[in-house]
Amino acid sequence: MPLTRINVGPVHPSTHGVLHFVVDMDGDTIRHIETHVGFLHRGVEKLCETRMYMQIPSYTEKFDYLAPLAWDDLYVNTVEKVLGLEVKETAKYARMILLEFQRIASHLVFLGTLCNDLGQMFTMFMWSFRERDSILRFLEDVTGGRMFYVNIRLTGLNRKLPDDFKEHAHALADSLETKIKGYKEIMESNPIFVERTKGVGRITSKQAVEYGVSGHALRASGIEYDIRKSNPYYKYSEMKFKVCTETAGDAFARYKVRYNEIFESISIIRQALDAMPDDNNVEGMPIKLISPQAKPDIIVNNSEMPRGEGIIYLVPDKQRPYRIYFRSGTYTNAAVLEHICEGIKYADLFTILGSMDLVAADIDK
Amino acid sequence: MPEDNAEHGTDAPYTSEQFINAEKEMSYLTQKSLQKAKLSGNVMFTKMGEIAKLAAKPIKDWGRTNSLWPLQFGLACCAIELMAFGSPRIDAERKGYLLFRATPRQCDVMVVAGWVTKSMAPRIKRLYEQMSEPRYVVSFGECATSGGPWYESYNIIHGIDQILPVDVYAVGCPPRPENLFMALIKLQDKIRGDTNGDSEKSISENIKRNEI
């Protein structure tokens, strides 16, 4: 039987951005799949070479727009290392709390859109976006922006935390925990959801290591790797949390890892809130006060983002980066699709896409 | 039931008074539309088709205004706010933005949410051409309006209005969902014909923007 060639995308409701797949079909079975990226490429690395150090966070946060603070924080932390600055004690806790809330918000989008892709239309989407909105309202209260914050400054944050920060954060964590616990029933007791995700898109642990899969997809394949644990930054070494892993490596395991990580994040938030000093001394350096004192050493920095490991390679110059290179986990997660999608049914392609949780803007840069 | 009978004409549905009133109303409407068209009475019968068109226009506009189907088409960050626009906080359906459709052939409104790269521009143009008329374009966010923060990049179109005719601009990075809601209400006003071209300039064309 001759193969039929189908174009999926670039504009497709389930590709989560502008991705293009060329799929060769034999009946309903995929024989070959080719991924085309680059429809959102806007040359960030080139732009960064003409910007001052603290002008760049407004670019970095638009990579992974579901978790803007993650890239922002990694970039500013890299510049801190370049300039040899130490982060304020309270600011370390504050950053951790904001990052974990951001991680929950990002995971909630994953849950909602995964169910939309599987045809379980709008119930989970509406619920998860309701909870995400409550997190965004909290972050807006702290930072002043709804989606993009540009809040992280050298050695601290943009401005002081609000007076009711701790109470508000505790109340939000409690409400999130109770509400997200209710999701389990609608997801896992739904036979269609379980049927369509279990055993679909298996990545073995050997494959995962060979292809450089990162983030939740790596942990779902049974490898316990989390940079918060293996190479802790800020105060993560003092926090008690476990790295969520699954052994199956399929779409259901990936969902399960994401779902359990939300509760780990909530527990980290609570511990950080309890350990945080009360002095509210979080204000960082104003942007204009950065003096040209960068060391000429090349810096490589990484952190655990909601969508895998983010790495920055920075060759510093006096006032701006001479060369900066961003590498995100979504890129390698997109690359593995060509290998795991051969021989599956067409409808399962979108389950795998949804469970890998790609963001096209993060892939393309 | 009396109303059912009325439709089939088995029973007299209207009193004579109602008939007279309806007749008056009809003649009033006809005169009004004639005044609009600046036709003299003599050519009335020859221009019957035109009159029908004139009378049908408000009805057509009303229908178009209240049932707009947006294209489910997200480019970048702003698409997340587009999703929030359909989520419970701002329920878009209450203003007639019914269904986000994935195929352009069923859609009326295209919300361009995100930066437009040089490789994406011909594809967006193709999507626009596939939409059936009348079709409207909303430029959502700084990137779609002017290139935004990527203005100096080598791979960016400086605004979607270089390739498509834009009806409404919503500005912000990204605009809040409320802002998109306002922009789409303005689009509804425009379709209904409530706005005159000059008095209601779009935000980016507004001269006062420089002063602000």
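Q: Which residue in strand 3 of chain B stands opposite B:Phe140?
A: B:Ala170 stands opposite B:Phe140. The model is predicted: local features need pLDDT of at least 70, side-chain atom pairs count only at pLDDT 80 or more, and totals for chains, interfaces and linings use all residues. Residues are numbered from 1 along each chain as its sequence is written, while chains are lettered from A and ligands numbered from 1 in the order in which they are written.

Q: How do you know that strand 2 (residues 136–140) and strand 3 of chain B pair?
A: Three bridges join them in the parallel sense. Strands (E, at least two residues) and helices (H or I, at least four) are DSSP runs numbered from the N terminus.

Q: What makes strand 1 and strand 3 of chain B edge strands?
A: The open sheet of chain B has three strands in the order 1-2-3, with parallel pairing. Strand 1 (109–113) and strand 3 (168–170) each pair on one side only. From one strand to the next, the twist averages 20°. Helix 4 (residues 78–86) of chain B packs on this sheet, touching strand 1 and strand 2, and its direction makes about 135° with that of strand 1. Such angles run from 0 to 180 degrees between N-to-C directions, and axes are lines fitted to C-alpha atoms, for helices over the stretch in contact.

Q: Why is one side of strand 1 and of strand 3 of chain A left without a neighbour in the sheet?
A: Chain A has an open sheet of three strands in the order 1-2-3, with antiparallel pairing. Strand 1 (4–8) and strand 3 (29–36) stand at its edges with a single partner strand each, so one side of each has no neighbour in the sheet. Strand 1 and strand 2 (residues 20–26) of chain A pair over five bridges in the antiparallel sense. In strand 2 of chain A, A:Phe21 is the bridge partner of A:Val8.

Q: Why is A:Glu304 called buried?
A: A:Glu304 has 26 C-beta neighbours inside 10 Å, so it counts as buried. A residue is buried if 20 or more other C-beta atoms lie within 10 Å of its own, exposed if 12 or fewer, and partly exposed in between, with C-beta atoms placed from the backbone. A:Glu304 is found in strand 6 (residues 299–305) of chain A. Not counting residues up to four places away in sequence, A:Glu304 touches A:Asp226, A:Ile227, A:Arg228 and A:Glu309. In chain B, buried residues make up 33% of the 212 residues.

Q: Which residues of helix 3 of chain A meet helix 4 of chain A?
A: A:Leu69, A:Ala70 and A:Asp73 in helix 3 meet A:Arg95, A:Leu98, A:Leu99 and A:Gln102 in helix 4. Two residues are in contact if their C-beta atoms, placed from the backbone, lie within 7 Å. The axes of helix 3 (residues 68–83) and helix 4 (residues 89–117) come within 8 Å and cross at roughly 145°.

Q: How many residues does the contact take from chain A and from chain B?
A: Chain A gives 24 residues and chain B gives 28 residues. On the side of chain A that touches chain B, the largest share, four residues, comes from helix 5 of chain A.

Note on methods. Pairing = 2+ DSSP bridges.
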